[in-house]
Amino acid sequence: MEPVPPGIDPTKAHPSRRYNYWLGGKDNFAVDRESAETVASGFPTVALAARENRKFMARAVRYLARDAGITQFLDIGTGLPSAGNVHEVAQAIDPASRIVYVDNDPVVLVHARALLTSSPEGRTAYIDADLREPEKILAAPELAATLDLTRPVALMLVAIMHFVSDDEDPYGLVARLVGALPPGSHVVITHATGDHLTPGQYEEAVETNRLSGVPFSLRTRAEFTRFFDGLDLVDPGVANVVEWRPDLPPRHRPSVEDVSMYCAAARIP
């Protein structure tokens, strides 16, 4: 993916482009690939974890659209377009679904038109913003023009909260977003964890993440569950992404150790 578009620093890895590399995409730079391989040196199954995380997202959206009756989605930390984007999954169930995507990577902005291929009955929009600026997201005219915040919305925070360090107030950021949504809305979060790793594996994962140039926080089950304080967890509650309403029997699923990522969906009462 060369040359580099204007406004992009090719010397700094970005989570969305690194994720794109793990998913087998081509919208990434050498620095993203180097960062991804550094992480993989400490957690060799990271690409598998990325793929399983993506599969979970699709299952969660199908549940929300089909079983929970959700027709509005706010997907923050969207990442680069690939097969099975939120609007594609949701609109396959209800073509009138409306989706707002949010990301802070200029490369995602360049490709945002691929995220805006809505069904005629529905609508999609894109906001160039950072999760750390919830007020900017909530005040964006694109959001007001696409979603009705008096009706239930699904807030999707898939594989993004582990990039928010403790000193950036991750729980406060989630609470501000949740506070803007009406009862009946849902929150979906996935998050990397070290709970399934041996002490040696955990230390290596932490060190290689530090060396990768992308700040990253592995959190425990208790720390992850705290994101859902005051919300009603949807069955099966907090689980590894391979165990949440799976389509495949256990013998055909990866191990929780190889994926090492928590997930949950919860309803706002």
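1. Start at Leu-197, which is found in the loop between strand E5 and helix H9 (199-211). Keep in mind throughout that this is a predicted model. Is Leu-197 buried or exposed? Its relative accessibility is 15%, and buried means under 20%, so Leu-197 counts as buried.

2. What does Leu-197 touch, once neighbours within four places in sequence are left aside? Its contacts are Phe-43, Tyr-202, Ala-205, Glu-257 and Ser-260.

3. The buried ones are Pro-170, Tyr-171, Gly-172, Leu-173, Val-174, Leu-177 and Val-178. Look at the spacing along the helix too. In an α-helix there are 3.6 residues a turn, so residues three or four places apart point the same way.

4. Which elements do the buried residues of H8 pack against? Three are strands: E1 (72-76), E4 (154-157) and E5 (186-192). Helices H6 (134-139) and H10 (221-225) are there as well.

5. Helix H4 spans residues 86-93. Its buried residues are Val-86, His-87, Val-89, Ala-90 and Gln-91. The cover over them includes helix H3 (46-66), E1, strand E2 (98-103) and strand E3 (123-128).

6. Now the aromatic rings. How many aromatic pairs does a search of the whole structure find? The count is 7. One of them joins Phe-224 and Phe-228: the ring centres are 5.4 Å apart and the planes lie at 70°, so this pair is edge-to-face. Both Phe-224 and Phe-228 are buried.

7. Phe-224 also pairs with Tyr-262. Here the ring centres are 5.9 Å apart and the planes are at 20°, so the pair is stacked. This pair links distant parts of the chain: Phe-224 is in helix H10, while Tyr-262 is in strand E8 (residues 261-267), 38 residues apart. Phe-224 is buried, at a relative accessible area of 0%. Tyr-262 counts as buried as well, at 5% relative accessibility.

8. Which residues do ring pairs link into a cluster? They are Tyr-171, Phe-224, Phe-227, Phe-228 and Tyr-262. Tyr-171 is one of the buried residues of H8. The charged end of Arg-226 sits over the Tyr-171 ring, 3.8 Å from its centre. Another charge over a ring is found at Trp-244: the charged end of Arg-245 sits 5.3 Å from that ring's centre.

9. Finally, empty space. Rolling a probe the size of a water molecule over the atoms shows where such space is left. The search of the whole structure finds 1 cavity of 30 Å³ or more. About 50 Å³ of space lies in the largest cavity.

10. What lines the largest cavity? The residues are Ser-16, Tyr-19, Asn-20, Leu-23, Arg-54, Thr-78, Gly-79, Leu-80 and Ser-82. By class, 3 are nonpolar, 5 polar and 1 charged. Helix H1 (residues 15-22) gives the largest share of the lining, 3 residues.

Notes: Residues are numbered from 1 along each chain as its sequence is written. This is a predicted model: local features need pLDDT of at least 70, side-chain atom pairs count only at pLDDT 80 or more; totals for chains, interfaces and linings use all residues. Side-chain values use heavy atoms; hydrogens and water are left out. On a 1 Å grid over the protein atoms alone, a cavity is a set of points where a 1.4 Å probe fits but cannot get out, and a pocket is an open set with protein on both sides within 12 Å along at least five of seven lines; lining residues have an atom within 4 Å of a point. Grid points are joined across faces, edges and corners, and a volume is the space filled by probe spheres set on the points. Helices (H or I, at least four residues) and strands (E, at least two) are DSSP runs, numbered from the N terminus. Ala, Val, Leu, Ile, Met, Phe, Trp, Tyr, Cys and Pro count as nonpolar, Asp, Glu, Lys and Arg as charged, and the others, Gly among them, as polar. Buried means under 20% relative accessible area, exposed over 50%, partly exposed in between (1.4 Å probe, protein chains only). Contact means heavy atoms within 4.5 Å. Rings of Phe, Tyr and Trp (its six-membered ring) pair if their centres lie within 6.5 Å; planes under 30 degrees apart count as stacked, over 60 as edge-to-face and the rest as tilted. A charge sits over a ring if NZ of Lys or CZ of Arg is within 6 Å of the ring centre and within 35 degrees of the ring normal.
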